[in-house]
Amino acid sequence: MKLQVNGQTHQVEAPDDMPLLWVLRDLLDIKGPKFGCGVGACGACTVLVDGIPTRTCITAAADVVGEITTIEGLPSGERLHKVQEAWMRHEVPQCGYCQSGQILAAVALLEEIPQPTDEDIDAVMTNLCRCGTYPRLRAAIHEAAGMEG
Amino acid sequence: MGKIAKYTRRGFLGLGIAAAGGLAVGYYYYKKPYPNPLPDTLAEGDFSFTPYVIIGSDNAITIITPRAEMGQGIHTTLAALVAEELDVDMDQISAEHGPAAAAYYNSAMLREGAPFAFFDEGFVAEIARGALGVAGKFLALQVTGGSSASIDAFDKMREAGATARAVLVEVAAQRWGVSAESLTTARAEVVNPNGERLTYGALAADAATLTLPKPPALKDPSEWRILGKSQPRVEMREKITGAPIYGIDVQLPNMLYATVAMSPRFGAKAKHADEAAAMAVAGVLNVVEIATNTGHGFGIIASNTWAAFEGARALAPEWEAASYPEDTAGLKVLWAEALDRESSFTLGGEGDPEAAMQGAEVIEARYSLPYLAHTTMEPMNATAQFVDGKLTLWLGSQAPGLAAMVTADLLGIETDDVEVITTSLGGGFGRRVEADVPLYAAAIAAQTGGKPVKVTWSREEDIQHDTYRPMAEARLKAILKNGLPEALDYRVAAPSINKSLFGRTFPNLSAAGPDRSILDGSFDQPFSWPHSRFAAHQVDTDIPVGFWRSVGNSINGFVHESFLDELAFAGGKDPLEMRLAMMQDERHAPAREALKAVAEMAGWGQALPEGVGQGIAHTLSFGTWVAEVVQVDMRGGTVKLEKIWAAADPGMILDPGNFEAQITSGIIYGLSAAIGQEISFADGRVVQENFYDYDALRMAGVPPIEVALLENSPRMGGAGEPGTPPIAAALGNAIFAASGKRQRSLPFGNEIDFDID
Ligand code: FES
Ligand code: FES
């Protein structure tokens, strides 16, 4: 199968039902998407497929059509994405393990709703964070919403 | 890197070492952690080292932070302690806790000779502290008690920085032919009053050969530039760019992938497994048996993790019966029987509650708490390679020394032949102290012909093979006098964590002495009972129990603080006023201040609409005093969390932003458990499998949380745990205030609905 990841085309040999998560992590050595549950219940494995947040642990790689963006594909060169900038400023991560998924979910949210309300954030940001970084996540999303670029 | 250097009786010795990319010098080390901490005894006894400062000739400054970073900001805080005294800024340093620190940790623990020497309070304390995610020695002094004034990272790391600075200044003074006292330092440079400057890097090679007669004086806190202020986290950029820093991200040449299928009936072995079916899964390479002290089962080796998971499913092992009652109801019978028996031990207490209760009107209550799993966000994993009798482990570990010890024992090699490379941890909460993860990885690595193998547990395996927060049942009796608490009879049945931990980790040893974790958070609280008795009714099974964020305090914090609330209402008192009235001892002052602060923030005592209520609780744990208020709105028929306020006093706050984040994190962790988490048993095994039946709060369920930081306590306390213990009680008390329904059984969600999404 062919996968478009972060602007590059990869030709991969994998069984049809192999989840995208493990293709990315184990076959392509792209470690940004994390394994948290394997059943679509935590969001740690989130990537964007044509801009849409996708839980890769329950998505067969063979079924993916479109451009995949992982956290590695988010910053352009040394410049961080504004969501990452806001994350830095609010010191959001604790252990950090969930944050690739959280950041990508937030990027997608802001694409869809540039000025989200708290209710919008509650509805869309359903990824789990066992460190409980939610208050700072929320603050960072609001800040990113007010930022350029 | 890193040769072991010797400490001389005259003072500190720097040692030049070869580091990757050039010369690194200024490798300073300190006395071992446990004996007398005072600097003036440094010449005594047996010395070892802990933190390091490495200064490159290019002025690159690396601070070794030999503690597991699992989100608690410990690398930043440890680095800040050194940077403060070294007079460098945080943007000039890098913090590292990689191979050198892990290797060092091993040798420091093992150097002392006989392994048994470690199984004293100091060693248990070390495990416990590691387990609790606290900042080295200084943030959890009360875990096992008795060591609260001992040497700590707070001193050690600052001394490391001060010593390095002093030798650098001394070398500069010699070069310029001036007195050291006339020189100042800033931003990694020594400054001559005449305007000349030398970088630390230019001085480092000479400084490394210098000895100091005595440790230099440390700065007074009033002179601090870095400590006491929020610092940017040193690893922040890695964590927002998805850098492969966790154990699960380890990638090595020729690496194999594996998972485990261990017996979910603890202590039981396999009866049957379909190895042929597992081998038939594409990508599965081998199935090996695992037999260790922590469990029996199988390792499934494959060409990728997913194939290993599929292989484990196909293997479908059947297991022997469990040694304990097969379901939660049956287990509860054991707990009830334990409460009916004589107590195992008592702690604290005073007066004669039994006599005091004669003929008085006794208030009774029973409380019930389930087992809990940790569910760190990163599932359990370890990578291992066993070549030529030497084992290398890549492990996100809270206790790398322990991992080395147990894996060496399993493979029949020396502990020195195990190298543990500590990765970042995707959450710890006490789970990553355990021996099982490295043991299974080592067992599998012994059968891969020398190839490295990354062993990743599925979430199901993780939840069903945890070392759980103990299930507990409590029976309480109390009487009032003039509406105030007069006598308390406090009994709690729970398993001993120490006994369980020793049983699975060092089966030849038995844990000595009472396990105070059964009663932590009750007998040790700042509350004056004229008569009280705190009794532990120990009830042990093969179900492994371990350190769960705040350990026994999370159990007794709930029971003790909920029951105080009951007594306040029984006596017609305001719960805050009653607590303050019973906290008149001078030593209770930080508790009073924390309670008053949180009450003021929350507007405690204001008239609230019918169906809206506030609950208050306070727990002193790990040396930090934390009062919390929860406000709930039940007018819609469900519990809606409106707001949480906390006032936390750890005595001294080194990094306010990080401390606040830790308290908040502890609150949310406890809140998730209080609302919905329960590990239950059926058929001799854990029922819950994944986040769909063992969930935690998401964004929508977490109300605004406001934390006030206080510094009234005379001693420094912890950050990672103390937010957790009061929250369940504060929530239960709020539900009572709003609805009149007393909550005595966790999780509350079993009986009432919460509006959390
Ligand atoms: S790992 Fe994919 S949602 Fe949890
Ligand atoms: S930061 Fe640790 S799980 Fe979110």
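The model is predicted, and local features require pLDDT of at least 70, side-chain atom pairs count only at pLDDT 80 or more, and totals for chains, interfaces and linings use all residues. Residues are numbered from 1 along each chain as its sequence is written, chains are lettered from A and ligands numbered from 1 in the order in which they are written, and side-chain values use heavy atoms, with hydrogens and water left out.

The interface between the chains is considered first. Contact (heavy atoms within 4.5 Å) involves 50 residues of chain A and 59 residues of chain B. The size of an interface is often given as the accessible area lost when the parts come together. For chain A and chain B the buried area is about 4300 Å², with 61% of it on carbon and sulfur atoms; buried area is the accessible area (1.4 Å probe) that two parts lose on being put together, summed over both. Of the area that chain A buries against chain B, 19% is supplied by A:Q94, A:Y97 and A:R130, more than by any other three residues.

Three salt bridges are found across the interface of chain A and chain B, a salt bridge being a side-chain nitrogen of Lys or Arg within 4 Å of a carboxyl oxygen of Asp or Glu. A salt bridge joins A:R25 to B:D249, with 3.0 Å between the closest N and O atoms. The interface of chain A and chain B also has 28 residue pairs in polar contact, both residues being at pLDDT 80 or more. A polar contact is a pair of N or O atoms within 3.5 Å; within protein, one must be able to donate a hydrogen and the other to accept it, and residues adjacent in sequence count only if both atoms are side-chain atoms.

On the side of chain A that touches chain B, at least two residues each come from helix 1 (20-27), helix 2 (82-90), helix 3 (99-112), helix 4 (118-124) and helix 5 (134-145) of chain A. Helices (H or I, at least four residues) are DSSP runs, numbered from the N terminus. Helix 5 of chain A gives the largest share of this side, five residues. By residue class, the side of chain A that touches chain B comprises 27 nonpolar, ten polar and 13 charged residues. Ala, Val, Leu, Ile, Met, Phe, Trp, Tyr, Cys and Pro count as nonpolar, Asp, Glu, Lys and Arg as charged, and the others, Gly among them, as polar.

A:R138 forms a salt bridge with A:D118 (3.3 Å, N to O). A:R138 is buried, at a relative accessible area of 15%, whereas A:D118 is partly exposed at 31% and A:D122 is partly exposed at 23%. Buried means under 20% relative accessible area, exposed over 50%, and partly exposed in between (1.4 Å probe, protein chains only).

Chain B is divided into domain 1 (33-106 + 141-240), domain 2 (247-322 + 380-456) and domain 3 (328-372 + 468-750), with bounds from an automatic or database domain assignment. The centres of domain 1 and domain 3 of chain B, taken over C-alpha atoms, are 38 Å apart. Contact between these two domains takes 21 residues from domain 1 of chain B and 14 residues from domain 3 of chain B. Domain 1 and domain 3 of chain B bury about 1300 Å² between them, and carbon and sulfur atoms give 53% of this area. Helix 1 (residues 74-86) of chain B gives the most to the side of domain 1 that touches domain 3, with three residues. This side of domain 1 of chain B comprises seven nonpolar, twelve polar and two charged residues.

Over all chains, the structure holds 40 salt bridges. One of the salt bridges in chain B joins B:R225 and B:E84 (3.9 Å, N to O). B:R225 lies in the loop between helix 5 (200-207) and helix 6 (236-240) of chain B and B:E84 in helix 1 of chain B, 141 residues apart. B:E84 is buried, with a relative accessible area of 0%, and B:R225 is partly exposed at 34%. A network of salt bridges links B:E84, B:D87, B:D89, B:D91, B:R165, B:R187, B:K219 and B:R225.
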